[in-house]
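Please work through the following exercises on side-chain interactions, consulting the sequence and the structure at each step.

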Amino acid sequence: MNCSLPHRVLLSSPMEGQQDRLCLQPLWDFVTAKEPLIKSPFFPVLFSFTAYMAFCLPYVALDFLSIRLPDLRKYKIQPQTYPSLGMMVPCIIQSAYHHVVLIFPVTFLHWYWRPMDLPVTAPELPEVLLQVAVCLLLFDFEYFLWHLLHHRVPWLYKTFHKVHHKHVSTFALTTQYSSVWELLSLGFFAAVNPLLLGCHPLTEMIFFLVNIGLSVEDHSGYDLPWSTHRLVPFGLYGGAPHHDLHHLKFKSNYAPYFTHWDKLFGTFTESHPN
């Protein structure tokens, strides 16, 4: 029996793994060069708030521009409503307040009890992609159950979730406009999944960025040609039209990203993208 092919595969696998790791090594070297900042107790809250605002700002600009430019207005899911500066500012203030008063103490305790360890080598690219995808799927399931429960139980809705539904027509800065309990619950889901999977710190950072970016897109109020739901085939991903309809109708589309849980539980309502 000719064993040369398996032998070649066995020999090439470590090299392929090394190439996958080298692909991300320059990025990881750049991150670890900022080790004092990364290991600082202030880093998680700065990272979270800066990333959140960075993802929101393009949509904020779009909100102001699309009022004056009809070519942009056609991408607005609810074109009859636009957020004013008076609606945006309280969202920014609340988010900043929550990051300083709530998120920082929690991340400080985490920093104190479990200091971050920065490995020398970067993770392999396939491992990063797989673990980020699994983290997203887990978060999607966890939030779906939390969300469904907080809509089905009136006391939970009125006490904890109603504040997030203040705006029927969402805009990017409403993403984190929520109660303390909701913010901490979703933050816990986002933080615990990488820990359960044993993710590399770089994988964890990438997941946080992807999760924040997708969440902001969900609340952006825009259905753009490059929106995520247009890139994922077979209607597996709901995106901004899916979540915008939830804020409009209240009683369907509870999963933040994917559509399979709503379809399985009979809570799916078809959105009509532009």
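The exercises below concern a predicted model, and each is followed by a worked solution.

**Exercise 1. Salt bridges**

Solution. 
Step 1. Side chains of opposite charge can pair when their charged atoms come close.
Step 2. Glutamate 35 has a relative accessible area of 32% and is partly exposed. Lysine 39 is likewise partly exposed, at 33%.
Step 3. A salt bridge also connects the side chains of aspartate 223 and arginine 230, at 3.0 Å from N to O.
Step 4. Buried means under 20% relative accessible area.

**Exercise 2. Two threonines in helices**

Identify the helix in which threonine 228 is placed and the helix in which threonine 203 is placed; then list the contacts of threonine 228 and of threonine 203.

Solution. 
Step 1. Threonine 228 belongs to helix α10, which covers residues 228–231.
Step 2. When neighbours within four places in sequence are set aside, the contacts of threonine 228 are Leu214, Glu217 and Tyr237.
Step 3. With glutamate 217, threonine 228 makes a polar contact from side chain to side chain, at 2.9 Å.
Step 4. Threonine 203 lies in helix α9, residues 201–219.
Step 5. The relative accessibility of threonine 203 is 1%, so this residue counts as buried.
Step 6. Apart from residues up to four places away in sequence, threonine 203 touches Pro123, Val128, Gln131 and Val132.

**Exercise 3. Aromatic pairs**

State how many aromatic pairs the structure holds, and describe the pair formed by phenylalanine 42 and phenylalanine 104 and the pair formed by phenylalanine 139 and tyrosine 143.

Solution. 
Step 1. The structure holds 16 aromatic pairs.
Step 2. Among them, phenylalanine 42 and phenylalanine 104 have ring centres 5.3 Å apart and planes at 5° to each other, and the pair is stacked.
Step 3. This pair links distant parts of the chain, its members being 62 residues apart. Phenylalanine 42 is in the loop between α2 (35–38) and α3 (43–66), and phenylalanine 104 is in helix α5 (residues 85–113).
Step 4. Phenylalanine 42 is partly exposed at 46% relative accessible area, and phenylalanine 104 is partly exposed at 23%.
Step 5. Phenylalanine 139 and tyrosine 143 also form a stacked pair, with 6.3 Å from centre to centre and 5° between the planes.
Step 6. Both residues of this pair are in helix α6 (residues 125–152); they are four residues apart and therefore separated by about one helical turn. Phenylalanine 139 and tyrosine 143 are both buried.
Step 7. Ring pairs place Phe139 and Tyr143 in a cluster with Trp146, Tyr237, Tyr257 and Phe258.

**Exercise 4. A charge over rings**

Over which tyrosine rings does the charged end of lysine 76 sit?

Solution. 
Step 1. The charged end of lysine 76 lies over the ring of tyrosine 82, at 5.3 Å from the ring centre.
Step 2. The charged end of lysine 76 also sits over the ring of tyrosine 222, where the distance to the centre is 5.6 Å.

How values were computed: Residues are numbered from 1 along each chain as its sequence is written. This is a predicted model: local features need pLDDT of at least 70, side-chain atom pairs count only at pLDDT 80 or more; totals for chains, interfaces and linings use all residues. Side-chain values use heavy atoms; hydrogens and water are left out. Buried means under 20% relative accessible area, exposed over 50%, partly exposed in between (1.4 Å probe, protein chains only). A salt bridge is a side-chain nitrogen of Lys or Arg within 4 Å of a carboxyl oxygen of Asp or Glu. A polar contact is a pair of N or O atoms within 3.5 Å; within protein, one must be able to donate a hydrogen and the other to accept it, and residues adjacent in sequence count only if both atoms are side-chain atoms. Contact means heavy atoms within 4.5 Å. Rings of Phe, Tyr and Trp (its six-membered ring) pair if their centres lie within 6.5 Å; planes under 30 degrees apart count as stacked, over 60 as edge-to-face and the rest as tilted. A charge sits over a ring if NZ of Lys or CZ of Arg is within 6 Å of the ring centre and within 35 degrees of the ring normal.
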